[in-house]
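Let's take a friendly look at a protein structure together. Have the sequence and the 3D view at hand as you read.

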Amino acid sequence: MGFFVEVLIGGLMAGVLYSLVALGFVLIFKASGVFNFAQGAMVLFAALTFVRLIDILKDTFAPIMLSLLITIALMVVLAMAVERLVLRPMVNQPGISLFMATLGIAYFLDGFGQTLWGSDIYTLDIGIPKEPLMLLETVFEGGVLVASEDLIATVVAGLLVVVLAIFFQRTRVGRALRAVADDHQAAQSIGIPLNYIWVVVWTVAGLVALVAGIIWGSKLGVQFSLSLIALKALPVLILGGFESVLGAIIGGLIIGAGEKLSEIYLGPYVGGGIEYWFAYMLALFFLLFRPQGLFGEVHIDRV
Amino acid sequence: MGYSKLIKGLLLSMLLVIVGCGQKEEGTGTDTSSDSQTSSNTNNQAYAPTPDGNEQFVPVLSYRTGPYAPNGTGVANGFVDYLKLVDARDGGVNGVRISFEECETEYKTDRGVECYERLKGLGPTGATVFNPNSTGVTFALTEKTTTDKIPLITMGYGRSESRDGSVFPWNFPMMGTYWTAADVLVQHVGNLSGGLDKLKGKKIALVYHDSPFGKEPIPLLQKRSEMHGFSLTTIPVTHPGVEQKAAWLQVRQDKPDYVFLWGWGVMNSTSIKEAAAVRYPREQMFGVWWSGAEPDVTPAGDDSIGYSSVTLQHSAGSDNQVHKDIFKYVYDAGAGSGDRDRVGEVLYNRGMLNAAIVVEVIRNAQSKYGQKPLTGEQIRWGIENFELTQAQIDKLGLTGMVQPIKLSCSDHEGTRIARIHTWNGKTWEYSSDWIEASDAVIKPMVETAASNYAKEKNITRASCES
Amino acid sequence: MFYRETGQFKTSYQADQAIFPIRQDRIFILIWLLIGFAVIPLVASEYAFRAILIPVTIMGLAALGLNILVGYCGQVSLGTGAFMAVGAYAAYNFMIRVPELNPLFCFVLGGLTATGVGILFGIPSLRIKGFYLAVATLALQFFTDWAFSRIGWFTNYTPSGSIAVQPVEVFGFAFNTPLRKYFLCLTILSIFALVAKNIVRGRIGRAWMATRDMDVAAEIIGIRPMYAKLSAFAVSSFFIGIAGALWAYIYLGSWEPLAFDINVSFSVLFMVIIGGLGSIVGGLMGAAFITLLPLMLNQLPSAMGFEISTALIKHLEIMIFGALIIFFLAVEPLGFARLWQIAKEKLRLWPFPH
């Protein structure tokens, strides 16, 4: 029983980490209807920039803070460049073309980031405690072992969702974002500047990528594989629904717990290594009942 | 879309690229990592024939990008630096210059095949010998090299059964196959437990990269587990291995006495971190020689202390004569491929050793066919009849890094001994004596596997007598 | 001046419904076939055959298949690699288990197996749409990655899970030289291109296009969406399955599950979109472009005399690749096929502007 709880908790926390990446996808899809495959590359780019700047600025008084600020500024520039060079020329293109364009962005960023910063593996240590914690020792035999890194990631993800929720619900820009998401043309006609909104939302997605990159980077070391984590976020995304911030979190929890439990309890019977596809199958299964994801919006087709 | 927009788009895209290149220059100017060094001062020579045509072309398949870049870069730098050294110090092999060209495979099979096709015909006599640096690419090239008559040296990787030269005349898994590595590891943990017979009832778990590379040791470990009565659990990790929580929860539940790690790239450091997260003692973890280099342990920080791996004879270190020569002739001349500080890392040394062996087999082939550019077929003779004596090792400045090797038609591996080294937080330290893999165990397996291959492929076994 | 339809009168329904109703198009196709079958074999080097022509023809076939699904029927799929893998592994198993079968027949059987899997995984498309479907097809991708490396039967219990193929020999004629392999691939590609061209202009093709443009409307005018979507999945995966078998047998010769991973899916999708959705010739142009571009970018710096490290070349290569993708999509979202069409329209008037 103790082990089951441990697997469950481990899975839930892994799921939260996926959610961190999935959040970036959701933000952009919500506001611009673009399925942004470059989110993984943005995670890598942000993390690489951050970790290499710390190294360069290590003689200054506050390398981490400075590096953070510069990285944030770079993400803003990136958002502006994407808006100017990709989204604006491609306005009114079908979704699939925009999706492919983001694949192009992903390739570009992968190459650009590694040209700029190198393709070695870089250790990112910003003082997140690593010692595993033993919880509930009195309840279960052997206790439940929890990685403290994962705990912190969970807290960060929770905070991020709260901040994003407030941003979307309470601020002027957030309301404009929701209006744009609802109907581009209507939003434009009441005077919401579309291009500005896009820059804002890509910036926010870039910041989410930075957070995800820092958390994942301090876990794995910063290198190319970070950009492949996007693939783990996709089932979370279709399960939760492309438009829902909450869905990204709930979806992450379900996927994380589902894949770990399946790997531990089902895997040994079929040879193991099933968690990758199991996540997708799980999401597919849910989709058969709710084709727009758990929290996605239902679109009614009119002829 | 109007034409003005079209042109604007074009201009902006070009701008994007130009800005990209410009910023790259800035980046390389300010930081000091090995990679930026690579981009600033490497001269990867695209192959250009010399006027007199007196040269031996060595193709270099490497990967400096993608998920496995941190490991691939070290191997490639060592390999290329040694070739440069031979040219700068000795003016080639007996006056025949060594030329080379690098091709990026990204550790992908199809790119590796394309590189092979691109490079195999270069040079006056075609490519000398291929070192694919990837088990997957080795599998794909095994047949092609047979048709093209170019030998394949797979130092410490590739097909384990390919040491049988009567079925695989063109494959040379020199200095150790995965079966050798697994056998040495089993013997080592046997020694730790106080004898191989003490392994009875113990549990060993293999955490492996889910690819041909990771699966190679399984048959040997199964056989050993039958022999000694330990139980073997195999836990696959999906490429590239960034998410291993489930695997290590399984380890935590099973509590194996030893964990063997068969990982590559980012998978290794992640394994060590996850092991720490489930409090599995690193002292009981043993990696293959591809899981025992600096990029595998440093990202995990102090969590890596106590972790061991089998070595491909050599460990880290830059105090040999050969390193001094590399500093003197290559780095001081500004021709180094990587960062000076990283000369002598484990994977660097492996690449360097690999290149040294390539050069020596060329020398050996020249002793029979004359001091001129040789064909792949002639080089093959040079490899199959290759012997590296202690005296030669000393002369090459490789003392202590490699033990004598002797190849023959029936044994394309040459030697089966290895040591274990352990990470102490700063450097690798040897933690065992030389251990020789038991040929009584491996040889019958090689024969069976090679025969199966020959049957499937309709190959008649060549006789090793002639 | 050269491309003018004036004077070409159709006097029968047959002539009106011909596959290439315009004479210049017929001549043009003939010229292309002549180049493909006669000129290229005379001039191409061995490297060109092995590293360019064979991959382009095989990937062209895969792109053709995917174009049917994405371009004609509007169902976005990221599972191309999986269908190719199914075709390859099925062909391997048929060959090894029934050795007396003709290899070409095994390829077809491989394609048919892929068809079966395609229909099975096409079923969710009846409920799931758009990007949800695209991501859902990744389920198949990851599942096949896993199944082919983990279930021993598929690989004939090879311990490493890597497969080395048997020689391809048809009635005593061995396809063992690059030239012969190229002819085989080109012939198969030509036949399938013809088949595809005919399917898409027939009843089924029109049903697909109606479904693509608006599935609800298509249903109302009497097209059964299940029939249309599943038939698109079936035909598309048949093509892709055969391409997979060829890729494994003719190009790679030995492979592991990673040879058909998600990157293959993406690159075929690139080919289709850059080439032009819903165009047969576009898919082929896309295949040529996507295969050639990295090779050219890779060899360009050294050809121009720059000496830069392979890592930097590679990074620049993917950067330029990404930028070009964006550029092409921004400038001509309908792909090469559209540029081709524009060129034809201009040619029609040239040299007189009106």
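What percentage of the 303 residues in chain A is made up of buried residues?

## Chain A on its own

The answer is 60%: that is the share of the 303 residues of chain A that are buried.

As you trace the chain, you will find twelve helices and two strands in chain A. Along the sequence, they come in the order α-α-α-α-β-β-α-α-α-α-α-α-α-α. If you draw a box along the principal axes, the C-alpha atoms of chain A fill roughly 65 × 60 × 35 Å.

Take the contacts in chain A with a separation of 6 or more: 73% of them join residues 24 or more positions apart.

## Where chain A meets chain C

Now turn to the contact between chains A and C. Chain A brings 39 residues to this contact, and chain C brings 35 residues. On the chain A side, α4 (95-117), α9 (230-240) and α12 (275-289) each supply at least two residues.

Which element gives the most to the side of chain A that touches chain C? It is α4(A), with 15 residues. Sorted by class, this side of chain A has 27 nonpolar, ten polar and two charged residues.

## Where chain B meets chain A

Chain A also touches chain B: here 39 residues of chain A are in contact with 44 residues of chain B. On the chain B side, the elements giving two or more residues are α1 (3-30), α2 (34-41), α3 (69-90), β6 (231-237), α9 (245-254) and α10 (266-277). The largest share comes from α1(B), with ten residues. By class, the side of chain B that touches chain A holds 16 nonpolar, 19 polar and nine charged residues.

## How confident is the predictor about chain B?

The average pLDDT of chain B is 86, and 89% of the residues score at least 70. Residues 1-44 of chain B, however, have a pLDDT below 50. This stretch still has 70 contacts in the model beyond near neighbours in sequence. Where pLDDT is low, the predicted coordinates should not be read in detail.

How values were computed. Residues numbered from 1 in each chain as written. Chains lettered and ligands numbered in written order. Predicted model: local features only at pLDDT ≥ 70, side-chain atom pairs only at ≥ 80, totals over all residues. Contact = placed C-beta atoms within 7 Å. Helix = DSSP H or I, 4+ residues; strand = E, 2+ residues; numbered from the N terminus. Nonpolar A, V, L, I, M, F, W, Y, C, P; charged D, E, K, R; others polar. pLDDT = per-residue confidence, 0-100. Buried ≥ 20, exposed ≤ 12 C-beta atoms within 10 Å, placed from the backbone.
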